[in-house]
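Look over the sequence and the model first, then read on.

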Amino acid sequence: TKMQIFTYRDFLKDKSSLTFEQAEKIYDNLISSVNIHDPKFQEYWKKLIELCAQYSEARGKWFTLTREEQHSFDGARTILHNDIRKLLLDIRVWIQEQDGDVSWYTEFNDDRKRMGDFANYLNYVYAVNAR
């Protein structure tokens with residue numbers, strides 16, 4: 001079978017999608033709500049970026065896999081997604097404990113897909129900066 005070709009516009013057709021502009025706003029609000037040099041934040045952030053890279057790789061390969069491969073691969077991808085969601089929640093709780101602004105978190109609308117979109121955005125930011 002022929003592989004389907006996608007564009008960013010295809011992604012935007014899903015009304016729950018997190019746009020680049022929305023992701024950028026969340027990112028800016030998140031990093032301005034905390035001391036980014038704090039060792040605890042640095043620990044959280046390093047782990048988040050590592051998970052985002054793994055998750056983006058898994059998502060990027062998704063349409064190259066056969067149905068059988070997708071089925072066997074789905075559990076690992078879901079675990080990565082859940083780990084990212086939990087880490088974002090842990091970061092939110094930690095920032096809240098520091099009396100920081102956590103309004104950035106509400107922009108996810110408690111939607112796991114939007115959190116996955118954000119993970120892909122973070123990976124994109126780090127990937128293009130590593131050139």
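## Gln-70 in helix 4

Gln-70 sits in helix 4. Helices here are DSSP runs of H or I with at least four residues, numbered from the N terminus. The model is predicted, so local features need pLDDT of at least 70 and side-chain atom pairs count only at pLDDT 80 or more, while totals for chains, interfaces and linings use all residues. Residues are numbered from 1 along each chain as its sequence is written, and side-chain values use heavy atoms, with hydrogens and water left out.

Is Gln-70 buried or exposed? Gln-70 is buried, at a relative accessible area of 13%. Buried means under 20% relative accessible area, exposed means over 50%, and partly exposed lies in between, with a 1.4 Å probe and protein chains only. Setting aside neighbours within four places in sequence, Gln-70 contacts Trp-62, Phe-63 and Leu-65. Contact here means heavy atoms within 4.5 Å. The Gln-70 side chain also reaches the backbone oxygen of Trp-62, at 2.9 Å. That is a polar contact: a pair of N or O atoms within 3.5 Å, where within protein one must be able to donate a hydrogen and the other to accept it, and residues adjacent in sequence count only if both atoms are side-chain atoms. Lys-25 is 45 residues from Gln-70 along the chain, and their C-alpha atoms are separated by 32 Å.

## The largest pocket

The largest pocket holds about 1,100 Å³ of space. A pocket is found on a 1 Å grid over the protein atoms alone: it is an open set of points where a 1.4 Å probe fits, with protein on both sides within 12 Å along at least five of seven lines. Lining residues have an atom within 4 Å of a point. Points are joined across faces, edges and corners, and the volume is the space filled by probe spheres set on them.

The lining has 30 residues. Phe-11, Arg-59, Phe-63, Asp-117 and Asn-120 lie nearest the pocket centre. Which helix gives the most to the lining? Helix 6 does, with 8 residues. Helix 1 (8–12), helix 2 (20–32), helix 3 (39–61), helix 4 (67–97) and helix 6 (112–129) each supply at least two. By class, the lining has 12 nonpolar, 10 polar and 8 charged residues. Ala, Val, Leu, Ile, Met, Phe, Trp, Tyr, Cys and Pro count as nonpolar, Asp, Glu, Lys and Arg as charged, and the others, Gly among them, as polar.

## Helix 6

Helix 6 has 18 residues. From first C-alpha to last, helix 6 reaches 26 Å, close to the 26 Å expected at 1.5 Å a residue. The expected span is 1.5 Å times one less than the number of residues. At the start of helix 6, a side-chain oxygen of Asp-111 comes to within 2.7 Å of the backbone nitrogen of Lys-113.

The buried residues of helix 6 include Met-115, Asp-117, Tyr-121 and Val-125. Their cover includes helices 1, 2, 3 and 4, along with helix 5 (103–106). Phe-118, also in helix 6, is buried at 1% relative accessible area. Beyond its neighbours within four places in sequence, Phe-118 contacts Leu-18, Ala-23, Ile-26, Tyr-27, Leu-88 and Phe-108.

## Two buried serines

Ser-17 is in the loop between helix 1 and helix 2. Ser-17 counts as buried, at 8% relative accessibility. A polar atom of the Ser-17 side chain lies 2.8 Å from the backbone oxygen of Asp-14. Apart from neighbours within four places in sequence, Ser-17 contacts Phe-11, Leu-12, Gln-22, Arg-114 and Asp-117.

Ser-56 belongs to helix 3. Ser-56 is buried too, at 12%. Not counting residues up to four places away in sequence, Ser-56 touches Ala-119, Asn-120 and Asn-123.

## Exposed sites and positive phi

Lys-2 is in the segment before helix 1. Lys-2 is exposed, at 84% relative accessible area. Thr-64 is 62 residues from Lys-2 in sequence, and 9.9 Å away in space, C-alpha to C-alpha.

Most residues other than glycine have a negative phi. Asp-99 has a positive phi of about 65°. Asp-99 is in the loop between helix 4 and helix 5, and is exposed at 75%. Asp-110 has a positive phi near 50°. Asp-110 lies in the loop between helix 5 and helix 6, and is exposed at 67%.
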